[in-house]
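Subject: Structure for you to look at

Hello,

Here is the structure I said I would hand over. Please open it beside this email and follow the notes below.

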Amino acid sequence: MHVAQCLWQQKGPHWLLLPHPLGSIPPWIRRDVKPPNPSHHESSHSLPKGCPPGGSGKGLAWLAMGPLVPSANQMPEVSVGSTHLWLVLAMVLELYLDLLSQPCRAVYIFAKKNNIPFMMKPVEMLKGQHFTEEFNKVNILRKVPVLKDGDFILEESTAILLYLTRKYNTPSYWYPPDMKKRARVDEYLAWQISTIRAGTSKILWLKVVIPLFVGHQVSPEKLYEAMEELNLAIQKLEDKFLQDKPFLIGPEISLADLVAIVELMQPLGAGCDILEGRPKLQEWRKRVELTLGKDLFMEAHNRILNPQELKSIIIDPPLKAQMKPLLLKMLK
Ligand SMILES: N[C@@H](CCC(=O)N[C@@H](CS)C(=O)NCC(=O)O)C(=O)O
């Protein structure tokens, strides 16, 4: 087994050498990770006794990640005394996500697509988990997504996506270095917040979430109004941003496409195909899905694409009591 296909995990006084379930270590690991304790780094530049051959000495870092680790009996156990410890365990990113949320899906897909190792910290909003004291310590805004990188905590999906592109030096098409192309991505990310994002959220809330809390459907007029608003925004997405290009910024996918696609999937959770009758956007959607990878795309959208399951969720009575007055106010 090549070292580059392994993970290290501390287990008691030993280190376990684990097959890396992702197959290969992404290239950024070698240059980006700094040792948490400098003495580890200095201790040795040779492979520990019993370590399979391969890999190079300096700057090599391996990650120990609970959920990614296959069962212990599949792997060789290598005992490494602390004096021989030259491999450095990187701090694993933590992402607080609820995949029902479109900005969370953007962050999730981006991290997975770019082989960025992370620990998923699920926060189920429909169970009120974003209101817990524990989550409040992470984010007083009580919103997801949240990134925790050591003691650095970052909110806002677009800030998180940009942080990940820089930290992991992801392929440049996501956020092109060319000043004008980059400005186009920035333009889309800024524009979408008050237009597409606001509109797509409203549909799911009106058709699914609010009825779960208030116990009745919202008026068809409210829904019609929200659909009209969203349709105007989608028309602008097509006319101003997509035009006749394969992707929103040009010939290649960028953060703009990722942020856009997860939004446009949101109303599907409410059973509304807002791209119906829009062949250009439908073709674009297929291209984006294909580029991101169909399996990853479906994995991220699994829950939101199941409106029947969403509608049958039972909300905890205390959470219902807390949210109902706020939601009824929204409906006025
Ligand atoms: N602009 C923020 C939006 C954050 C946000 O509104 N998250 C929603 C889920 S999509 C949330 O956590 N809502 C919980 C609440 O408002 O109580 C971003 O893009 O990250």
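Strand β8 (residues 146-149) is joined to β9 by four bridges, and the two strands run antiparallel. One place to look is Lys148, which stands opposite Ile153 in β9. β8 and β9 form a hairpin with two residues between them. In the turn, Gly150 has a positive phi of about 70 degrees. Please keep in mind that this is a predicted model.

The crossing of α3 and α10 is right-handed. On the α3 side, the contact is made by Arg105, Tyr108, Ile109, Lys112 and Lys113, and on the α10 side by Leu296, Ala300 and His301. By class, the residues of this contact are four nonpolar, one polar and three charged.

Next comes helix α6 (residues 179-214), with two packing partners to look at.

The partner to start with is helix α8 (residues 255-265). α6 and α8 pack at an angle of about 5 degrees, and their axes are 10 Å apart. Angles under 35 degrees count as roughly parallel, and α6 is therefore roughly parallel to α8. From α6, the contact uses Val185, Tyr188, Leu189, Gln192, Ile196, Arg197 and Thr200. From α8, it uses Leu255, Ala256, Val259, Ala260, Glu263 and Leu264. Nine residues of the contact between α6 and α8 are nonpolar, two are polar and two are charged.

The other partner is helix α12 (residues 317-331). Here α6 and α12 pack at an angle of about 125 degrees, with their axes 8 Å apart. The two helices are therefore oblique to each other. Their crossing is left-handed. α6 contributes Ile210, Phe213 and Val214 to the contact, while α12 contributes Lys320, Met323, Lys324, Leu327, Leu328 and Leu331. In the contact of α6 with α12, seven residues are nonpolar, none are polar and two are charged.

Last, the ligand. Which residues surround the ligand? They are Ser101, Pro103, Met125, His130, Arg142, Lys143, Val144, Pro145, Glu156 and Ser157. This shell divides into four nonpolar, three polar and three charged residues.

Regards

Notes
Residues are numbered from 1 along each chain as its sequence is written. This is a predicted model: local features need pLDDT of at least 70, side-chain atom pairs count only at pLDDT 80 or more; totals for chains, interfaces and linings use all residues. Axes are lines fitted to C-alpha atoms, for helices over the stretch in contact, and angles run from 0 to 180 degrees between N-to-C directions. Angles under 35 degrees count as roughly parallel, over 145 as roughly antiparallel, 65 to 115 as roughly perpendicular and the rest as oblique. A crossing is left-handed if the near helix is turned anticlockwise from the far one by less than a right angle, and right-handed if clockwise. Two residues are in contact if their C-beta atoms, placed from the backbone, lie within 7 Å. Ala, Val, Leu, Ile, Met, Phe, Trp, Tyr, Cys and Pro count as nonpolar, Asp, Glu, Lys and Arg as charged, and the others, Gly among them, as polar. A residue is near a molecule or strand if its C-beta atom, placed from the backbone, lies within 6 Å of it. Two strands pair if DSSP finds at least two bridges between them.
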